[in-house]
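Please read the points below with the structure open beside you, and take them in order. They follow a few helix contacts and then turn to the chain as a whole.

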Amino acid sequence: MNRFFTLFKYYTLSYYRDASAAFWTLGFGIILATILGLTVGRIPAAMEIKEIKVGYREASLASSALEDISFVKLNKYTEGEPSQLIDEHELDAFLDTDDILVINKVGLMQEILEQILSQVKQISALGPEAQLVDFNAKWVENKVETSQTIGSLFINILALFSFYSYFAAIDISNKIQANLSTFGQRVALASVTKSELLAAFSLTSICINIFNNLCLMAYIQFILQKKVITNLPLTLLVLLASSFIGLGFGYLVGAVPKLNEQAKTMFGVFVLMFLNTLCGLMNPSLRIIIRTKFPLLDKLNPASVIYRAYTAVNKPEQLVGSALSLIYLLGISLVFMSVSVFVIRRRKFKSLGA
């Protein structure tokens, strides 16, 4: 047990002494979240429509329709030019004779009025058949996500950095090889088995990845004040499973003999960015396209699985969905770790003289 904690302490200290590793696994995530926070920080969570002031000349079908809308306030004016009345009475628009909409500026309120009047004119053109229109019926069923909320953008970042145990696994694969590192040469002469090394270093890398991600979550939650985490225990479970997936994937790539450490690192960067791009990291609408056009790819993509798991566990109304996502995610992590440990334990490395 003392040997185990000695290895744990050694790898933790060596990891954080490497400034580049600490920056890319922790500092870069904070910078990325900060840029995103500054970009979307001024966007309100929901659009609030204020009262729309509309003047009108005489009663008509359009004015009757507007009168039934709660956020539209109608005022009747029998005299005066529409443009002057808009300026004098601070109106958003004026409904003149023959339902002509007069505006002095272009904005959201004017766009809303134009859309309403367009619908009114289309319905009035139906004549008597307009009475058959059911305005309460919903003809389109929304089965897919149509927009990306601000919170889900930060979840994309968390899903990406949950994989970062991959880079620790590449480093571990390099350290335990006697022909690639001085540490490996020392261990080759010591009474430490490869299983002990893998167990100690794997646990250490998992703890480091969880710690880094918790720091990132705390920064997003408390510094940027984006409330994306509502269920910390289940979120930690998702993070743990994600860390195992990254670690297992890193061990599989680390066991490839013909690639050096830099090539394995760059390969991991490319794969992780590609998978998370498909999940909507770069373009939110791409995730919707993949989900609708290529559902199997979306289900098999580990980044999408992690994204859905993070989203589900932090929405109380999706309790059943979060349980299924966790089971699926834990299953994937178990497969990755089982295969990777089997491969790396059977891997015969070159001798020191090679």
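1. In this predicted model, the axes of helix H1 (residues 2–17) and helix H9 (residues 194–223) come within 9 Å and cross at roughly 45°. Axes here are lines fitted to C-alpha atoms, for helices over the stretch in contact, and angles run from 0 to 180 degrees between N-to-C directions. Helices are DSSP runs (H or I, at least four residues), as strands are (E, at least two), and both are numbered from the N terminus.

2. H1 and H9 are therefore oblique to each other, since angles under 35 degrees count as roughly parallel, over 145 as roughly antiparallel, 65 to 115 as roughly perpendicular and the rest as oblique. Their crossing is right-handed, a term used when the near helix is turned clockwise from the far one by less than a right angle, with anticlockwise giving left-handed.

3. Which residues of H1 and H9 meet? Among them are Phe 4, Leu 7 and Tyr 11 in H1, and Leu 197, Ala 200 and Phe 211 in H9, where contact means heavy atoms within 4.5 Å. The residues of this contact divide into 15 nonpolar, four polar and two charged; Ala, Val, Leu, Ile, Met, Phe, Trp, Tyr, Cys and Pro count as nonpolar, Asp, Glu, Lys and Arg as charged, and the others, Gly among them, as polar.

4. H9 also passes helix H10 (residues 232–254), with axes that come within 10 Å and cross at roughly 130°, and that angle makes H9 oblique to H10. The crossing is right-handed, and the contact includes Leu 198, Ile 206 and Met 217 of H9 together with Leu 236, Phe 244 and Tyr 251 of H10. By class, this contact has twelve nonpolar, six polar and no charged residues.

5. Phe 336, found in helix H15 (residues 319–346), is partly exposed, with a relative accessible area of 21%; buried means under 20%, exposed over 50%, and partly exposed in between (1.4 Å probe, protein chains only). Leaving aside neighbours within four places in sequence, Phe 336 is in contact with Ile 245, Gly 248, Phe 249 and Leu 252.

6. For the chain as a whole, there are 15 helices and four strands, and 42% of the 354 residues count as buried.

7. Residues are numbered from 1 along each chain as its sequence is written. Local features need pLDDT of at least 70 and side-chain atom pairs count only at pLDDT 80 or more, while totals for chains, interfaces and linings use all residues, and side-chain values use heavy atoms, with hydrogens and water left out.
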